[in-house]
Amino acid sequence: MDANKFGCFVAERRKELKMTQKDLAAKIQVTDKAVSKWERGLGFPDINTIEYLADALDVSIIELMKSGHMLIFFNIRLNFAEVVTIFANLFFELQLFKKL
């Protein structure tokens, strides 16, 4: 995992939810200095904090660990590459159908 990418994701998501570092810290029972450290790419949260951090940021643990949102397609969480593959396959199928 890239600490800077992780930190930017946490900061972005926190701001989207209109939380301060202090608000987020209080939700997951860490200090605001710890949140600041993560957001600046100077470290990662303790493994025992990951689940609570994901919940507080309203993302899945996978999204948090990958530092990016996954698209929800037919109520299934998919990463971008999986969505592209699905649409590429649909496009290919449509091209075959047009030839019939």
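User: Let's start with D58: is D58 buried or exposed?

Analyst: The general idea is to look at relative accessibility: over 50% counts as exposed, and under 20% counts as buried. This is a predicted model, and in it D58 comes out at 57%, so D58 is exposed.

User: Which side chain does D58 meet in a salt bridge?

Analyst: For a salt bridge, you look for a side-chain nitrogen of Lys or Arg within 4 Å of a carboxyl oxygen of Asp or Glu. Here D58 pairs with R13, at 3.9 Å from N to O. That pair links distant parts of the chain: R13 sits in helix 1, while D58 sits in the loop between helix 4 (50-57) and helix 5 (61-66), 45 residues apart.

User: And R13 itself, buried or exposed?

Analyst: Use the cut-off again. R13 has a relative accessible area of 11%, so R13 is buried.

User: What other salt bridge does R13 form?

Analyst: R13 also forms one with E16, and there the closest N and O atoms are 2.6 Å apart. Both residues belong to helix 1 (residues 3-16), 3 residues apart, which is about one turn of the helix. E16 is partly exposed, with a relative accessible area of 41%.

User: How many salt bridges turn up in the whole structure?

Analyst: A search of the whole structure gives 3. One of them is between the side chains of R14 and E39, at 2.6 Å from N to O. R14 is in helix 1 and E39 is in helix 3 (residues 32-39), so this pair ties together parts that are 25 residues apart in sequence.

User: Are R14 and E39 buried or exposed?

Analyst: Take them one by one. R14 has a relative accessible area of 7%, so R14 is buried. E39, at 12%, counts as buried as well.

User: Now let's zoom out. How many helices and strands does the protein have?

Analyst: There are 6 helices and 2 strands. Along the sequence, they follow the pattern α-α-α-α-α-β-β-α.

User: And what share of the residues is buried?

Analyst: Of the 100 residues in the protein, 34% are buried.

Methods
Residues numbered from 1 in each chain as written. Predicted model: local features only at pLDDT ≥ 70, side-chain atom pairs only at ≥ 80, totals over all residues. Heavy atoms only, no water. Helix = DSSP H or I, 4+ residues; strand = E, 2+ residues; numbered from the N terminus. Buried < 20%, exposed > 50% of the residue type's maximum accessible area, 1.4 Å probe, protein only.
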